[in-house]
Amino acid sequence: MPRSWEGPPASPPLGTVKSAEYASAAARLDEGHTLALFTRGCIKAQNESGEPIGEKRFLSALCKSAGEPAPTALDDLLSETADYLRAGKTPDDVTILLATR
């Protein structure tokens, strides 16, 4: 089952405030689980018609490959969201980091 750490940020997004301080935390990635980090550009990307992919659609595509090796999961995610991430407009940076165990 997908888990996430959500809620109001305790610190500003990385790279936005030069002197910001960030708390550290540790968590164990269980066997077969995937850690996914992505920028907001991934959910703001728009297809050629201007429709944004949105958080729900992006997360649904991401979860379809849960437990797969990171390269496979990334390929699947990019295929699933190609109309938004490759062919459309991206008003913000698009960065995706996947780590699997």
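I looked up Leu 37 and found it in strand β1, residues 34-38. Strands here are DSSP runs of E with at least two residues, helices are runs of H or I with at least four residues, and both are numbered from the N terminus. The model is predicted: local features need pLDDT of at least 70, side-chain atom pairs count only at pLDDT 80 or more, and totals for chains, interfaces and linings use all residues. Residues are numbered from 1 along each chain as its sequence is written, and side-chain values use heavy atoms, with hydrogens and water left out.

Leu 37 counts as partly exposed because its relative accessibility is 47%; buried means under 20% relative accessible area, exposed over 50%, and partly exposed in between (1.4 Å probe, protein chains only). I noted a nonpolar surface patch of Leu 35, Leu 37 and Leu 97, with about 250 Å² of accessible area together. Patch members have over 30% relative accessible area and no salt bridge; like charges are joined within 9 Å, and nonpolar side chains (Val, Leu, Ile, Met, Phe, Trp, Tyr) within 5 Å. The areas come from the Shrake-Rupley method with a 1.4 Å probe, and for residues only the protein chains shown count as cover.

**Whole chain.** I read 4 helices and 2 strands, in the pattern β-α-α-α-α-β along the sequence. Of the 101 residues, 17% count as buried.

**Salt bridges.** I searched the whole structure and got 3 salt bridges, each a side-chain nitrogen of Lys or Arg within 4 Å of a carboxyl oxygen of Asp or Glu.

Arg 40 pairs with Asp 92, the closest N and O atoms being 2.6 Å apart. I placed Arg 40 in the loop between β1 and α1 and Asp 92 in the loop between α4 (82-85) and β2 (96-100), 52 residues apart. Arg 40 is exposed at 54% relative accessibility, whereas Asp 92 is partly exposed at 22%.

Lys 64 and Glu 80 meet at 2.8 Å, N to O, in a salt bridge. Lys 64 is in the loop between α2 and α3 (70-80) and Glu 80 is in helix α3, so this pair ties together parts 16 residues apart in sequence.

Glu 51 bridges to Arg 57, with 3.2 Å between the closest N and O atoms.

**Cysteines.** I counted 0 disulfides, a disulfide being a pair of cysteine sulfur atoms within 2.5 Å. Cys 42 is buried at 0% relative accessibility; Cys 63 is partly exposed at 35%.
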